[in-house]
Amino acid sequence: MKKKFDGVMIFSDFDNTLTFKGSMSGACKNFNINPNNYEAVKYFTQNGGKFVMATGRNYDELLFLLDKMPMYEVAVCTNGTLYNLKTNEEYLSVELEDDFIERVAKDLFNKFEVRHCRIVDGDYVNCEWHKNQESTDFFQYAETHNKKPYHKLTFWGDGDVEYIKNLYTYLKNKYKDEYTIECSAPDFMEVYAKGGGKKNAIRQLVKMVGNVKKVVCVGDQENDIPMLEIADVGVCVANGVQRAKDVASIICASSEEGAIADVVRMLDEGII
């Protein structure tokens, strides 16, 4: 029997889209999610839809959601990886070349006083380095704490937006043709391989699923813009940045008010 949302896929960002009032460095399971989102996803999936997470977070940070809502088992994570949360199968991986840390990170360290950065390594482990920790040599730390291949390198400004803006501008000007450089928060910047990102992973997953009639992408930040642009319906939450709002087809409720529930409502009513 045909169901109302057959062929419809919702791809949702995690931080400040599905969730609200969470610490970027905190455990995902401690983030707040409007209860209406749970009920909406349940209704959406029971009626044939597929709800997919599309986030810069690593796959292990999303596992707690499997017990809370009927999300699709394959997630877009780490800004471009396709990972099956139930079978631990990796369908698509975004990887940096082995000399990336030595070449690009060293360049950045020579130009700026880098305060805090994090490598996502081959095991999808977040290896964090702070300039004030006992081991002050980042490159020694990277060599001893990480397993190749590297998936991405991130920089955190701890609330200092201007600091991240300066790093972002430098990297964009010098490496924009080699790497994808995006901000997933005003004080948080990510660098990963060209060809990565949520957009390409979504396109591949849609092909894998087959018979998809409508793709709805929901996000809030700069790194969500590519997926908003390629969606049939790109939705920015009310608390999103202006650049994401400018490319979105529609603005929904804020993450705190239940953005995903609002998107499902609009689908249910035929608004989108």
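Which helix is the place of threonine 17?

## Model and conventions

This is a predicted model, in which local features need pLDDT of at least 70 and side-chain atom pairs count only at pLDDT 80 or more, while totals for chains, interfaces and linings use all residues. Residues are numbered from 1 along each chain as its sequence is written, and side-chain values use heavy atoms, without hydrogens and water.

## Threonine 17

Threonine 17 lies in helix 1 (residues 14–18); helices (H or I, at least four residues) and strands (E, at least two) are DSSP runs numbered from the N terminus. Threonine 17 is buried, with a relative accessible area of 0% (buried is under 20%, exposed over 50%, partly exposed in between, with a 1.4 Å probe and protein chains only).

Leaving out residues up to four places away in sequence, threonine 17 touches Ser12, Val218, Gly219, Asp220, Val237, Ser255, Ala259 and Ile260 (contact: heavy atoms within 4.5 Å).

An open sheet of five strands has the order 9-8-10-12-11 with antiparallel pairing (two strands pair if DSSP finds at least two bridges between them). Strand 9 (126–130) and strand 11 (179–185) are at the edges with a single partner strand each, so one side of each has no neighbour in the sheet.

Strand 11 runs antiparallel to strand 12 (residues 188–193), and six bridges join the two. Within this pair, threonine 180 stands opposite tyrosine 192 of strand 12.

## Helix packing

Helix 3 (residues 100–111) packs on the sheet and touches strand 8 (116–120), strand 9, strand 10 (152–156), strand 11 and strand 12. Helix 5 (residues 161–175) also packs on the sheet, touching strand 8, strand 10, strand 11 and strand 12.

Conventions: Axes are lines fitted to C-alpha atoms, for helices over the stretch in contact, and angles run from 0 to 180 degrees between N-to-C directions.
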